[in-house]
Amino acid sequence: MSVADALVDAADDGVDFDGLTVEPYRDAYRFATPDDEAILAGEELRERADSPYATNWYYWEHEVEGHGTARRAFLRWLEGGSDLGVPERYDALRDGHTRHWGELAVTVVLDAEGRRRYEVRHEDDLGEDVRKTTESSSAAHQNAERSEDVDAYTDPLEARELVKHDDDGRYRPLSTAPSLPHGWAFVDLDGSDLVETVEYIYPATVANWHREREGDLDVDHWEDAAGRQTGIYGVVSELDDDALEWAAEACCVDSQCLKRREWDRNGEEDLDVPRGDGEFPCREPCSLFVAAARKFTTLEREESREYTFELTPAEKEQVEDIVDAVADGRTDEIREADVYEGANRYRARFLRAKRMDEHGLSGTPTYPEDHEDDGDDDH
Amino acid sequence: MQALVIVGHGSHLNPGSSEPAYAHADTIRESGAFDEVREAFWKEEPSFRNVLRTLESEEVYVVPLFISEGYFTEQVIPRELRLDDWDPEDWDSDGTDADHVTLDAGDVEKTVHYCGPVGTHDSMSDVIIQRAKSVTGRETFGDAPETGDSEARRTAPDGGFGLAVVGHGTERNENSAKAIHYHADRIREMGVFDEVQAVFMDEDPEVDDVTDFFESEDIVVVPLFVADGFHTQEDIPEDMGLTDDYRTGYDVPSEVDGHRIWYSGAVGTEPLVADVVLERAADAGAPVGDAVEAVRERTGGADAAAGD
């Protein structure tokens with residue numbers, strides 16, 4: 001149905017949308033926008049079909065539809081909501097209006113007919129030229145110099161495979177980890193395909209964001225989520241308050257996950273760990289957190305012991321550097337010959353050669369009681 | 001609108017674990033039988049907890065891509081989907097004949113048709129046979145007429161074809177073995193192979209000794225697992241003696257103790273599994289039109305299914 005037909009069709013029941021009002025008036029119709037008001041016969045109404053207000057109404061009410069759905073709310077949000085008037089919004093959309101969603105940049109562009117087309121890519125790849133995937137697979141292209149271009153995709157289902165591994169080829173078990181790979185762009189999508197693509201890249205984030213905006217996000221706090229676990233995960237309820245804080249600090253902060261943590265220990269006690277600044281909420285501890293918590297729980301059953309061993313001050317700092325480098329995921333960045341870095345491989349190997357033997361660090365057995373018979377003549 | 005949700009285990013460690021769910025979902029999407037088709041996982045996203053809210057459909061058919069009935073299908077999945085009125089008794093199953101039950105979910109205004117797992121559906125027998133055909137490149141097994149004359153089959157001049165269906169065993173769930181026996185018995189009765197035997201990884205009869213259980217020269221070994229992973233790619237090939245080290249690979253067929261072993265890898269990766277998923281939903285009342293035929297056609301199962 002054309003915009004003109006739709007407008008005439010809807011006029012008797014009336015239209016009231018984003019500043020556009022169309023309603024029966026005597027034998028004709030009143031067509032009103034914030035800029036203009038006119039009384040028009042049916043045929044004259046058709047002539048208003050190219051008004052931004054009319055094409056905007058048509059897009060949302062005839063193409064997107066889905067009142068009350070997360071899909072519609074997300075597509076509205078991408079345009080900056082209803083704060084801007086339609087002409088101003090159209091001005092912005094013609095040049096492409098971009099919003100960020102996790103590490104994604106989603107761009108809406110208005111085409112000549114007033115329809116929206118969407119594009120989504122890694123936010124770092126904004127501004128890169130898009131290369132058609134058919135081109136990229138051609139022999140000619142393979143011989144071409146490697147460029148910074150991004151490959152174009154149009155089928156949302158391809159997103160599943162594209163984001164499964166990070167740029168270094170490592171499996172990404174957590175979709176919202178800030179390790180989204182680069183080098184691709186989904187282009188020329190309609191609204192449904194855009195939302196589906198985002199859904200495959202960051203599953204359920206749109207749905208839970210929508211619930212939060214509607215005021216009905218159902219948060220399951222740690223005690224609820226842990227209490228529900230059975231089988232090998234039943235033990236996680238034992239994780240104590242301090243360890244839960246450490247676990248959230250380990251797994252849930254922005255450097256590890258882009259969801260904004262909305263769950264706490266329970267409805268009364270907040271965790272001290274920052275929730276994060278993400279656009280979309282985390283409504284309960286995820287399966288990765290529960291699996292990690294299971295390991296933390298069993299590790300926390302051990303009591304601390306005192307160990308005595310010797311380290312130079314530089315060696316103590318080096319141990320700290322190594323822990324930091326692993327915890328911050330920086331080991332790959334430390335250059336082969338950068339012996340000034342404590343977590344450098346040669347430095348670590350030197351430390352191991354000097355300070356570790358079959359008993360581990362500084363010759364101190366982890367379980368001294370198992371070595372009581374070893375005596376002083378042990379080598 | 002109606003949706004199909006395929007729920008699988010997934011993995012935090014193995015990126016291939018979710019691939020069968022994606023592949024079968026794509027086949028069913030292609031058939032157009034559902035307005036929405038979505039995959040959800042215990043260990044990946046969307047989680048069972050969050051999947052229902054991602055759908056716009058009011059009617060949702062949930063099919064577990066699991067092999068047996070038990071812990072996951074009876075406890076974990078219904079709990080995580082918030083099917084609050086679920087009671088395992090509703091399936092009225094003795095371990096291999098779960099059907100479907102219609103329930104409300106606690107967090108969405110939708111009707112959920114919760115189906116039994118693909119692994120215990122009768123059509124899974126067809127998939128096992130199809131898997132054997134895929135790995136051997138044969139359409140029939142042995143020269144014996146398929147009329148049920150077992151004596152004629154035993155004396156078949158080519159040495160005969162046996163089928164071993166491999167299961168995990170009882171480690172976690174007694175129904176795990178039931179599902180294996182169920183399909184082994186059904187396929188034996190169909191008379192497609194000269195011999196059919198259920199074997200297990202952690203109970204007798206063990207897959208390690210698979211050649212002891214067959215007179216047939218050729219043995220097709222089909223593990224009843226959803227996805228290829230540690231068990232199907234590493235343990236089972238080494239246990240059967242196809243290779244000393246899975247990393248060096250093995251031949252199909254491989255010669256072991258005077259038998260030729262045709263090892264197929266996980267049955268769950270066979271395209272025809274999409275048909276089982278669809279049939280589960282259809283059994284639960286999903287109006288899928290001619291999609292079942294279309295999917296069988298597409299996945300090479302038209303002949304296998306015709307035998308039912």
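**View 1. Chain B as a whole.** A compact globule of 308 residues would have a radius of gyration near 19 Å, and chain B agrees, with 19 Å (taken over C-alpha atoms, the globule rule being 2.2 Å times the number of residues to the power 0.38). This is a predicted model, in which local features need pLDDT of at least 70 and side-chain atom pairs count only at pLDDT 80 or more, while totals for chains, interfaces and linings use all residues. Residues are numbered from 1 along each chain as its sequence is written, and chains are lettered from A and ligands numbered from 1 in the order in which they are written. Along its principal axes, the C-alpha trace of chain B spans about 60 × 40 × 35 Å. You will find 10 helices and 10 strands in chain B; helices (H or I, at least four residues) and strands (E, at least two) are DSSP runs, numbered from the N terminus. Of the 308 residues of chain B, 56% count as buried, that is, with 20 or more other C-beta atoms within 10 Å of their own, the C-beta atoms being placed from the backbone.

**View 2. The two domains of chain B.** An automatic or database domain assignment gives chain B domain 1 (2–66 + 69–116 + 270–303) and domain 2 (123–225 + 229–264). Their C-alpha centres lie 28 Å apart. Where they meet, 16 residues from domain 1 of chain B and 15 residues from domain 2 of chain B are in contact, meaning that C-beta atoms, placed from the backbone, lie within 7 Å. On the domain 1 side, helix α8 (residues 273–283) of chain B gives the largest share, 4 residues. That side divides into 4 nonpolar, 8 polar and 4 charged residues; Ala, Val, Leu, Ile, Met, Phe, Trp, Tyr, Cys and Pro count as nonpolar, Asp, Glu, Lys and Arg as charged, and the others, Gly among them, as polar.

**View 3. Helix α7 of chain B.** Look along helix α7 (residues 230–239) of chain B to find B:T232, B:Q233, B:I236 and B:P237, which are buried. Seen down the axis of α7(B), these buried residues fall within an arc of 120°, so they line one face of the helix; the arc is that of the directions from the helix axis to the C-beta atoms. They pack against β6 (161–167), β8 (218–223) and β10 (259–263) of chain B. After α7(B) comes B:G241, with a positive phi near 85°.

**View 4. Where chain B meets chain A.** Here 19 residues of chain B are in contact with 23 residues of chain A. On the chain B side, α1 (19–31), α2 (48–51) and α3 (71–80) each supply at least two residues. The largest share, 3 residues, comes from α3(B). By class, the chain B side has 5 nonpolar, 5 polar and 9 charged residues.

**View 5. Domains 2 and 3 of chain A.** Chain A is divided into domain 1 (3–61), domain 2 (66–137 + 144–213), domain 3 (222–300) and domain 4 (313–371). In chain A, 12 residues of domain 2 are in contact with 11 residues of domain 3. Helix α10 (residues 205–213) of chain A provides the largest share of the domain 2 side, 4 residues.

**View 6. Confidence in chain A.** The mean pLDDT of chain A is 92, and 93% of its residues reach 70 or more; pLDDT is the predictor's confidence in each residue, from 0 to 100. Over residues 135–146 of chain A, pLDDT stays under 50. Where pLDDT is low, the predicted coordinates should not be read in detail.

Definitions and conventions:
Contact = placed C-beta atoms within 7 Å. Buried ≥ 20, exposed ≤ 12 C-beta atoms within 10 Å, placed from the backbone.
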